[in-house]
Amino acid sequence: MYKLWVLLKLNFRLMLRAFSFQSGARKSKKKAASGLGALALMAFLALYLSATYSFVLTQMLAESGAVDLALPLMAMMAGMMSLLLTIFAASGLVFGSKDNDIMLTLPVSAFTVVLGKVLALYLENLVFCGLWMAPTGVCYLLCAGLPAGQAALFCVRLLLIIPFLPLLPSALALLGGWLIAYVSGRLRHKAAVGTVLGMAFVCIVLVGSMQVNRTLEMLLRDLAGMRRTLHTWLLPFGLLLDALAGAGAAQCALGLCGFLLLSLLPFLALVWAIGTQYKKILSRLASHVLRSDYKLRGVKTSGMFAALFAKECRRYFGTTIYVMNTGVGAVMLLGMAVYALVMRGQVLPVLAQLGGVGAALPMAALLLCTVQAMINTACVSISLEGKTLWILKEAPVPPRALFGAKALLNVLMSAVPAAVSVVLLWAGYAPDAADALGLLLLCMCFGLFTPVYGLTVNLLLPRMDCDNDTIIVKQSAASAVGIFGGMLAVGLGALLWAVGGRALGFAGFCALAAALLLLAAAALWHWVCSRGAQILQTL
């Protein structure tokens with residue numbers, strides 16, 4: 001047990017280290033602070049998102065007399081988001097860590113090694129799921145109106161369930177991580193295949209997300225069918241519903257015991273199965289790893305900047321996780337615009353009830369800019385240079401050109417799809433010309449601000465020593481601050497609109513916001529090319 005505890009602490013520190021950054025003196029203290037800060041950011045997002053969705057969902061279900069269904073639905077959302085957060089981390093931590101050979105030479109079993117690594121993933125999921133379910137429980141108690149005694153028992157049962165809720169997502173993340181590692185080690189063109197499959201997955205998720213309202217309507221029309229589904233192929237969540245909101249003490253007890261067993265047993269069984277074959281799995285993966293040596297070769301370009309930009313494009317489209325983490329925003333921008341055009345006949349009557357097309361433009365601006373904030377390729381582009389950064393530093397390449405190539409890729413992936421989306425919406429819904437031009441200007445200027453802000457973040461929060469690109473793109477502090485910082489800027493703009501921006505009119509507010517974004521981008525670009533260039537030389 002002591003050996004497992006030591007391995008768990010070691011692996012959890014490795015996960016926290018993935019959130020950290022490198023910077024000058026006192027590296028260890030700054031890494032620890034940045035790792036905990038990123039974990040705190042994840043905790044805040046879990047609370048914020050859960051509180052928002054829980055409030056809306058419980059209000060909708062309370063009107064239909066089925067507020068208890070909010071509990072399994074929110075638990076399913078927690079499980080899916082936990083799985084997405086850790087599936088790539090499982091691939092790197094469990095099967096791609098450089099210390100695996102050393103771990104297996106220690107006097108511990110392979111099962112203990114695997115369990116220590118998976119429990120580190122479990123702890124990350126536990127933080128997210130625990131904080132996610134807390135607002136859900138509060139909203140349920142407010143809407144259900146339970147007596148004090150029943151409310152206290154509900155809180156006790158919820159506290160018993162929360163530690164077991166992350167077990168299934170952690171087990172699925174372990175299985176998915178093994179599949180990712182297995183496929184990646186055998187594909188010669190794994191980047192291209194992975195990118196295509198990733199984009200296909202993104203398109204499926206996008207289409208599914210556009211059916212959320214229809215799904216909720218179907219749920220409200222067939223509550224009995226939903227309950228039956230929860231007790232068939234979604235049995236763990238049906239047992240969770242029985243445990244938390246059962247008709248009597250016996251049903252609650254049976255539901256609680258059933259949920260705990262269905263969560264714990266598959267988790268232990270999968271970890272044991274992987275543990276018994278762990279050495280063979282690592283050996284097979286090592287025997288199929290393809291070489292990826294850095295090669296110097298001539299390039300056919302018209303100049304230095306073109307060569308740098310071509311290098312950025314090759315790195316971007318040759319790194320599957322990079323494309324999936326940022327390219328989803330570009331797909332969403334174009335997909336939502338096309339979907340809005342296709343569904344124009346159904347959307348126009350709804351807009352008429354809301355006050356017309358002009359009344360919906362502020363919401364459209366909020367949505368477009370929020371999605372643009374997700375497309376921040378620049379916030380990790382310097383870290384992805386890794387150990388080959390010295391080649392660019394020693395080459396006769398001015399930092400301004402290097403930063404410009406990285407920023408240009410971000411602009412093309414963010415501003416161009418946003419501009420196309422605005423033009424499509426303009427053609428389909430015919431808003432006022434001034435308002436449409438203001439929205440187009442706002443999206444273009446936000447697309448210029450995002451990459452400069454991302455470069456600033458990556459220079460201040462660099463990570464040049466990660467084992468793989470997944471850690472940089474999905475788990476580094478620069479990635480979290482770069483993307484969610486952009487969303488925070490969008491939220492600040494929405495706050496300004498709510499406070500007094502309406503007095504300027506939509507077109508005037510967009511022009512003012514665009515001017516502020518351009519000023520901020522210019523100031524950050526000056527810092528990047530001066531102080532940022534000095535920081536680059538120290539990396």
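Predicted model: local features only at pLDDT ≥ 70, side-chain atom pairs only at ≥ 80, totals over all residues.
As for their surroundings, I will call a residue buried under 20% relative accessible area, exposed over 50%, and partly exposed in between, with a 1.4 Å probe and with protein chains only. Cys-139, at 12% relative accessibility, counts as buried, whereas Cys-143, at 27%, counts as partly exposed.

Residues are numbered from 1 along each chain as its sequence is written, and side-chain values use heavy atoms, with hydrogens and water left out.

Now the chain as a whole. Helices (H or I, at least four residues) and strands (E, at least two) are taken as DSSP runs and numbered from the N terminus, and on that basis the secondary structure comes to 23 helices and 0 strands. Of the 539 residues in the chain, buried residues make up 49%. If a contact means heavy atoms within 4.5 Å, then, among the contacts with a separation of 6 or more, residues 24 or more positions apart account for 84%. The accessible area, from the Shrake-Rupley method with a 1.4 Å probe and, for residues, with only the protein chains shown counting as cover, is about 25,900 Å² for the chain, and carbon and sulfur atoms supply 72% of it.

Let me turn to individual helices, where the expected span is 1.5 Å times one less than the number of residues. Helix 12, residues 249-276, has 28 residues that should span 40 Å, and its end C-alpha atoms are 40 Å apart, which agrees. Its buried residues include Cys-252, Phe-259, Phe-267 and Ile-274. Helix 22, residues 477-499, has 23 residues that should span 33 Å, and its end C-alpha atoms lie 32 Å apart, again in agreement; among its buried residues are Ala-477, Ile-483, Val-490 and Trp-497.

Which residue takes a positive phi just after helix 19? That residue is Ala-430, with a phi of about 50°, although Ala-430 is not a glycine. Most residues other than glycine have a negative phi. Ala-430 lies in the loop between helix 19 and helix 20 (433-460) and, at 59% relative accessibility, counts as exposed.

That brings me to charged side chains. A salt bridge here is a side-chain nitrogen of Lys or Arg within 4 Å of a carboxyl oxygen of Asp or Glu, and the structure holds 6 salt bridges. One of them joins the side chains of Asp-68 and Arg-227 at 2.9 Å, N to O. Asp-68 lies in the loop between helix 2 (27-63) and helix 3 (70-95) and Arg-227 in helix 10 (residues 223-230), so the pair ties together parts that are 159 residues apart in sequence. Asp-68 is buried, with a relative accessible area of 13%, whereas Arg-227 is partly exposed at 28%.

Which residues are linked in a network of salt bridges? They are Lys-311, Glu-312, Arg-315, Glu-385 and Lys-406. Within this group, the side chains of Glu-312 and Lys-311 meet at 3.2 Å, N to O; Glu-312 is buried, with a relative accessible area of 2%, and Lys-311 counts as buried at 15%. Glu-385 forms a salt bridge with Arg-315, the closest N and O atoms being 3.4 Å apart. This pair links distant parts of the chain, with Glu-385 in the loop between helix 17 (357-374) and helix 18 (389-394) and Arg-315 in helix 14 (residues 304-317), 70 residues apart. Glu-385 is itself buried, with a relative accessible area of 4%.
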